[in-house]
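Reader: I have this model open on my screen and would like a close look at how its side chains pair up. Could you walk me through the charged and aromatic partners, and then the parts around them?

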Amino acid sequence: MKPKHQRMIFLAVSIAIMVAASSVILYTFRENLVFFFTPTQLYAKIGEGRFNPKQEMRLGGLVKAGSIIEREDGSIRFTVTDLTREIDVEYRGLLPALFREGQGVVALGTLQGSHVVAREILAKHDENYMPKEVADALKQSGQWKPE
């Protein structure tokens with residue numbers, strides 16, 4: 001075999017290994033991606049048919065006043081709004097101590113039917129904090145009214 005052929009085989013094998021390694025990395029990365037949506041963005045994705053309901057996501061917005069309902073089975077249901085659209089969230093577990101109506105919240109979970117079933121709720125940690133994604137989304141929609 002000529003040295004030129006050996007180099008070509010080495011180059012082809014190297015490229016194949018790099019493509020395989022990149023594919024594995026990208027596939028693994030895709031499995032761990034969790035996108036942030038506001039209710040308006042989520043409904044837009046659903047309307048476009050580009051949303052996989054099994055995909056885990058972070059839903060952010062404000063807890064709608066008067067929407068927190070504690071059920072007999074121990075679950076809690078509340079509404080997250082970006083002041084344009086809103087969606088219900090169901091959660092079972094302990095809520096953060098600072099969780100309350102009118103404050104920013106991020107729910108990590110999946111869409112099931114017409115509501116989000118959250119496995120984790122993140123709330124603000126001081127009275128002036130708003131999750132960056134929520135603040136950006138509210139600013140984009142023109143609904144941001146910092147105090």
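Author: Happy to. Let's begin with a charge and a ring: the charged end of Arg85 sits over the ring of Tyr43, 3.9 Å from the ring's centre. Please keep in mind that this is a predicted model. The protein chain has an average pLDDT of 87, and 91% of its residues score at least 70. Confidence is highest in strand 5 (residues 86–92), with a mean of 95, and lowest in helix 3 (residues 132–141), with a mean of 78.

From there, on to the aromatic pairs, of which there are 2. One joins Phe37 and Phe51: the ring centres lie 5.7 Å apart and the planes stand at 80 degrees, so this pair is edge-to-face. Phe37 belongs to strand 1 and Phe51 to the loop between helix 2 and strand 2, so the pair ties together parts 14 residues apart in sequence. Phe37 is buried, because its relative accessible area is 7%, and Phe51 counts as buried too, at 11%. Phe78 and Phe99 make an edge-to-face pair as well, with 4.9 Å from centre to centre and 65 degrees between the planes. Here the link runs between strand 4, which holds Phe78, and the loop between strand 5 and strand 6, which holds Phe99; the two are 21 residues apart. Both Phe78 and Phe99 are buried.

Now for the salt bridges, which number 7. One of them pairs Glu48 with Arg50, whose closest N and O atoms are 3.1 Å apart. Glu48 is partly exposed at 49% relative accessibility, while Arg50, at 54%, is exposed.

Another salt bridge joins Glu56 to Arg119, with 2.6 Å between the closest N and O atoms. This pair connects distant parts of the chain: Glu56 sits in the loop between helix 2 (39–48) and strand 2 (57–63), and Arg119 in strand 7, 63 residues apart. Glu56 is partly exposed, with a relative accessible area of 24%, whereas Arg119 is exposed at 52%.

A further one brings Asp88 together with Arg77, the closest N and O atoms being 3.9 Å apart. It links Asp88 in strand 5 to Arg77 in strand 4 (residues 75–81), distant parts of the chain that are 11 residues apart. Asp88 is partly exposed at 30%, but Arg77 is buried, its relative accessible area being 17%. These two also belong to a network of salt bridges that links Arg71, Arg77, Asp88 and Glu90.

Is His115 itself buried or exposed? At 15% relative accessibility, His115 counts as buried, because the cut-off for buried is under 20%.

Val116 is also found in strand 7, and it is buried with a relative accessible area of 0%. Leaving out neighbours within four places in sequence, Val116 is in contact with Leu42, Met57, Leu59, Ile87, Asp88, Val89, Glu90, Gly109, Thr110 and Leu111. For a sense of distance, the C-alpha atoms of Val116 and Leu83 are separated by 18 Å, and these residues are 33 apart along the chain.

Let's finish with helix 3, where the mean confidence is lowest. Which residues of helix 3 are buried? They are Val134, Ala135, Ala137 and Leu138. Viewed down the axis of helix 3, these buried residues fall within an arc of 165 degrees, so they line one face of the helix. In general, an α-helix has 3.6 residues a turn, so residues three or four places apart point the same way. Strand 1 (35–37), strand 2 and strand 6 (104–112) are among the elements that cover the buried residues of helix 3. On its other side, Lys132 and Gln140 are exposed. After helix 3 comes Gly142, with a positive phi near 80 degrees.

Terms used. Residues numbered from 1 in each chain as written. Heavy atoms only, no water. pLDDT = per-residue confidence, 0-100. Helix = DSSP H or I, 4+ residues; strand = E, 2+ residues; numbered from the N terminus. Buried < 20%, exposed > 50% of the residue type's maximum accessible area, 1.4 Å probe, protein only. Salt bridge = Lys/Arg side-chain N within 4 Å of Asp/Glu carboxyl O. Arc of directions from axis to C-beta. Contact = heavy atoms within 4.5 Å. Phe/Tyr/Trp six-rings, centres within 6.5 Å; stacked < 30°, edge-to-face > 60°. Lys NZ or Arg CZ within 6 Å of the ring centre and 35° of its normal.
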